Amino acid sequence: DNINLEHNYSLDDDVLTHRINIDGKKLDGMLSPDRILDDTQIIRLKNNGLTHVDFTGYDKLNLLYAMIIEDNPIRTVNIPSLINFLSGTYPDKNLTRFKMEYIPNENFNEEHVEYIKNNINVDSDLEITITPLSQ
């Protein structure tokens with residue numbers, strides 16, 4: 001699973017699934033959605049030094065069912081892009097789990113998290129976990 005910005009394919013119930021797991025690799029920012037295959041089902045970014053996240057363009061990933069961003073020192077978030085990404089505004093959305101950790105500060109804190117949760121339009125059982133990073 002510890003890949004270097006490559007794609008990982010695995011067999012799951014006789015179906016080829018596509019996931020991206022990047023652990024401990026320095027990233028300057030989020031992966032460009034243009035570089036992610038449309039059939040990606042899981043994205044996990046762990047311990048990559050991410051300080052800002054922007055989900056612009058991620059709404060094209062209709063088969064994505066889990067987005068996990070953990071152990072990154074996130075201090076700023078493009079809130080409109082996150083709300084759009086989490087909202088059920090496109091018909092074939094499969095996203096069921098979103099997890100993100102952040103470092104609370106004046107640019108992103110619990111008030112922002114509540115704003116996001118209050119402004120998403122979700123018609124599914126989407127599990128959203130946005131919590132402060134454990135120190």
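Buried means under 20% relative accessible area, exposed means over 50%, and partly exposed lies in between, using a 1.4 Å probe and protein chains only. Keep that scale at hand for this tour. The model is predicted, so local features need pLDDT of at least 70 and side-chain atom pairs count only at pLDDT 80 or more, while totals for chains, interfaces and linings use all residues. Residues are numbered from 1 along each chain as its sequence is written, and side-chain values use heavy atoms, with hydrogens and water left out.

**Stop one: the rings**

Select Phe 108 to begin: it is buried, at 0% relative accessibility. As for the rule, rings of Phe, Tyr and Trp (its six-membered ring) pair if their centres lie within 6.5 Å; planes under 30 degrees apart are stacked, over 60 edge-to-face, and the rest tilted. The count by this rule is 6 aromatic pairs.

Next, select Phe 85 and Phe 98, another edge-to-face pair, at 6.2 Å centre to centre and 65 degrees between the planes. Phe 85 sits in helix H1 (residues 79-86) and Phe 98 in strand E7 (residues 97-102), so this pair ties together parts that are 13 residues apart in sequence. Helices (H or I, at least four residues) and strands (E, at least two) are DSSP runs, numbered from the N terminus. Phe 85 is buried at 1% relative accessibility, and Phe 98 is buried at 0%.

**Stop two: helix H1**

How many of its 8 residues are buried? The number is 6, and the helix is mostly covered. To highlight them, pick Ile 79, Ser 81, Leu 82, Ile 83, Phe 85 and Leu 86. The cover over these buried residues includes strand E5 (66-70), strand E6 (76-77), E7, helix H2 (110-119) and strand E8 (127-132).

**Stop three: loops with positive phi**

Most residues other than glycine have a negative phi. Select Asn 47, in the loop between E3 and strand E4 (52-53), and check its backbone: phi is positive, about 55 degrees, although Asn 47 is not a glycine. Asn 47 is partly exposed, at 44% relative accessibility.

Asp 71, in the loop between E5 and E6, also has a positive phi, near 60 degrees. Its relative accessible area of 34% makes Asp 71 partly exposed.

**Stop four: Gly 24**

Move to Gly 24, in the loop between strand E2 (15-23) and strand E3 (40-46). Gly 24 is partly exposed, with a relative accessible area of 44%. Setting aside residues up to four places away in sequence, Gly 24 touches Lys 46, Asn 47 and Asn 48; contact here means heavy atoms within 4.5 Å. Draw a distance between the C-alpha atoms of Gly 24 and Lys 46: they are 22 residues apart along the chain and separated by 6.3 Å.

**Last stop: Leu 61**

Finish in the loop between E4 and E5, where you will find Leu 61. Is Leu 61 buried or exposed? Leu 61 is buried, with a relative accessible area of 2%. Beyond its neighbours within four places in sequence, Leu 61 is in contact with Ile 36, Leu 37, Asp 38 and Ile 43. From Leu 61 to Lys 93, 32 residues apart in sequence, the C-alpha distance is 7.9 Å.
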